[in-house]
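Here is a short briefing on a predicted model. It takes up a sheet and its helices, then a chain contact.

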Amino acid sequence: MQPDSLWFIFLSAFLVNNFVLAYFLGLCPFLGVSGKLDTAWNMGLATTFVMFVSSLCAYGINLLLVEYHLEFLRLISYIAVIASAVQLVEMTVKKLSPTLFRALGIYLPLITTNCAILGLALFQTIRDYSFFQSLVFSIGAGAGFTVAIMLMAGLRTRMDLADVPTVSRGAAMSFMLAGLLSLTFMGFAGLGAH
Amino acid sequence: MATLPSEKKPITLDTFLRGVWEENPVFVMLLGLCPALAVTNSAVNAIGMGGATIFVLLGSSALVSLLRNVIPKQVRIASYIVIIATFVTIVDYAIHALSLELYGALGAFIQLIVVNCVILGRAESFASKHRITKSLVNAFGVGVGFTFALLCVGSVREILGAGTLFGFPLFGESFQPWVVMVLPPGGFFVTGGWLLVFAWWKERKQRKLVEQEEALHAAG
Amino acid sequence: MTTEANPSVATHSEANHSGVGAPISPMPSPLVLIRTLGLIAMIAGLLVVLAYQITDPIIKEKELLALEKAVFEVIPGADEKTATRVSYALSSHGLKRLDDDSAADANLFAVYDSSGELVGLAMQGAAQGYSDVVRTLFAYNPECQCIDGLTVLKSTDTPGFGDKKTVEHNAKFMANFKDLSVEVTPDKKAIAHPIETVKHGAKTEPWQVDAMSGATFSSRGIGNGLRAATDELVPLIQQNLSELESVPKTEVSK
C-alpha cells in the first residue's frame, strides 16, 4: 500500500529519513571521506547512479522472483545485481570520462559493499513501491547520501585543524559530528506532510 | 593450494580473545557499523543482531574453511558472498520463526548483515587459510566482540533513552527519558562516546608500556 | 567480481592486480570455475530451501495467531474462548470468504459468537504519521455505524509522543475511537461525513478525531488511515451486510 506521492517519497529519502543520518546506511564511505569537496561530490554522484541502476534492476528481479515463487533467492540476486551495476558504472565512467575515473579511483568498487545500496533495494521491496516510486526513492536516497558526505567532507578539514584532545581525534570526533548532523536533520521531520 | 605453515599452529585462547578485545571489529577496526548503529536502540535488539551475526560468522567461516582448497582464487570473493548470503537468508527465516517481535524490530537490517564487512573480512583473511576448528574459534571470538560492542552501545542508549534495561525499568516513574538517545543521533553520540573510551584506554596502555621500557632502561 | 572492498582484503587485491610479491596460481580452466561455483550454488540452494521449508509453516502460524489476537483484542465483546474469526476479501465485486492459507489477502475480519451471530468487524488502516506510516487495526460496528475499537499495530513515531505505548495509554485520545461515527449515505454508496482529524480540543462532531496534544502528525496518521479504510470498505460492508451477519452454526464449532 502506498499512501505517498512521488514528491513525498523523494523528500523523505533525501532529508527526513536521510539514508546516512537516519538509517545509518553508507557509514564507511561517510566516515572515511576526505576533506576535498569535489571528491565527495563525485563519490556521491557515482553512488547515486549505482543506486538508480540497482533500484531498476532490483525491481525487475523482484518481479521475476515473485512470479516464480523464488523469494528466498532475493538476497543473493540483489547482491549479484548490485555488483554487476557497480561494474557497469565503472566501465561507463572509464569510457565517458577517464579523468573522473582516475579521480574516483578506489572508491568505485567500494560502493559494492556500501550497505546503502542493498538497503535501498530491500526497503523498496518491503514498502512495495511501484516502478516510478522506486526510481524516485533511489534518486532521493542518492541525493541524501551526497548531501551527507559533502557536509562531512566540509567539516572534515575544520576538524583536522581544530584544537581538540588527541584522544578524541579521528573516529570518535567524526561520530560526534555525525550525531550533531543527524540531530539537525531531525528538524526536517514533518516536511511535505499535509 | 598447499597448506600454509600457519595451519599447523595450535588453537590458543588468543585466537578467540583477539577478536573480542584487541581487534574488536566495531571499536578498533571500525567495521560493521551500519547494522551496528541502526538496531542498538535497546539491549535486546543489540543481542538479537549480535546473535544473528555470530550465526552467520560461524556458518560462513565453517563452509569457507571446508571449501578453501576447492575454491579457485579468481572466484573466491563471489563464492564467499554467496555463502554469506545463504546463511543470512537462513538466519532471517530463523528469527522470523522464533520471534515476530524481534523480527519486526530488526527488520531489513538482518539482511544487511550480508554487507557487514566483518564477515567478508573473516572469510577472506582467516577462514580461507585455516582449518575448520580454528576458523570457528576465531569467528566466534570476533562475533562475541561484535556483540559485546553492540551491547555496550545498546545498553547505554536504552538506559538513557527509555530508563529500562532489557525491558526492566531501572528508575522510578519520575525519570524523564533522554529520548534522543533511542533516536538516530543518539546512536552516533553513544558510539562516539565508546570510541573515545577505547581510544583513551589504548593510549593509557601505550603510555604504560613506554614507561615500563624506560624503567627497564634506567635500571639495566 | 573483484572488490577492493575493505581494509582486510586490501593486500590480497593488490596481489591480484599487480601480481608482485605473491605466487600467482595459473588461471584454472573455465570448467573448474564453473564446477566450483556450481557446487557452491548447490550447497547454498540446498541449505536455503531446507531452512525455508522448516520455518515457513511456523512463521505462517505465528502471524495468524498474532493477527487473531489483535482482532479479538480490538473488537469489543469478542470472547476469545467461544468466538470464531473469519477472514474476508471485500471489494466492489463482492464478498469473498478466505481460508487460513490465503488469510494474508484479507482486508476484512469478522468475529462471530458461538451461535453464529456477528459480534463485530475489524479492518486495517495505514497512513503517514510523523516519521513513517502508522498501521492500525480498528473495530467497526455495523449497528451503530461507528468505530468502537482501535489498536496500533505499528508505529515508528517518536517515543513518548506517537509510539504505540504512548498512544494507547492516552485515554482522552483513545476515547475518540469508542464511538466514532462513520454513517453511510442513504444509498449506501459513500460515507456521509468522512473522518476528520481536528486539532486538540476542537472536536465538535461525532465523526471527528480529536488529535493528541503535541502529536498532531501521529494523530493525523491514525485518523487518515481510518478515513481511507472506511471510505473504501464501509459502504461495501453495508451493501453486503446480510451476507456478513451470520454464518451457519456448523462453521463456528471450536
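Chain C holds an open sheet of seven strands, ordered S2-S1-S3-S4-S5-S6-S7, with antiparallel pairing. Its edge strands are S2 (94-98) and S7 (180-181) of chain C, each of which pairs on one side only.

**Strand pairing in chain C**
- Strand S1 of chain C spans residues 84-91 and pairs with S2(C) in the antiparallel sense.
- Five bridges join S1(C) and S2(C).
- C:Tyr88 has its bridge partner in S2(C), namely C:Arg97.

**Helices on the sheet**
- Helix H2 of chain C (residues 30-74) packs on the sheet.
- H2(C) touches S1, S3 (108-112), S4 (118-128), S5 (133-141) and S6 (146-154) of chain C.
- The direction of H2(C) makes about 145° with that of S6(C).
- Helix H5 of chain C (residues 216-239) lies across S1, S3, S4, S5 and S6 of chain C.
- H5(C) runs at about 130° to S4(C).

**Contact between chains A and B**
- Chain B puts 29 residues into the contact, and chain A also puts in 29 residues.
- On the side of chain B that touches chain A, helices H2 (33-38), H4 (76-98) and H8 (184-219) of chain B each supply at least two residues.
- H8(B) gives the most to that side, with twelve residues.
- By class, the side of chain B that touches chain A has 23 nonpolar, five polar and one charged residues.

Terms used: Residues are numbered from 1 along each chain as its sequence is written. Chains are lettered from A and ligands numbered from 1 in the order in which they are written. This is a predicted model: local features need pLDDT of at least 70, side-chain atom pairs count only at pLDDT 80 or more; totals for chains, interfaces and linings use all residues. Two strands pair if DSSP finds at least two bridges between them. Helices (H or I, at least four residues) and strands (E, at least two) are DSSP runs, numbered from the N terminus. Two residues are in contact if their C-beta atoms, placed from the backbone, lie within 7 Å. Axes are lines fitted to C-alpha atoms, for helices over the stretch in contact, and angles run from 0 to 180 degrees between N-to-C directions. Ala, Val, Leu, Ile, Met, Phe, Trp, Tyr, Cys and Pro count as nonpolar, Asp, Glu, Lys and Arg as charged, and the others, Gly among them, as polar.
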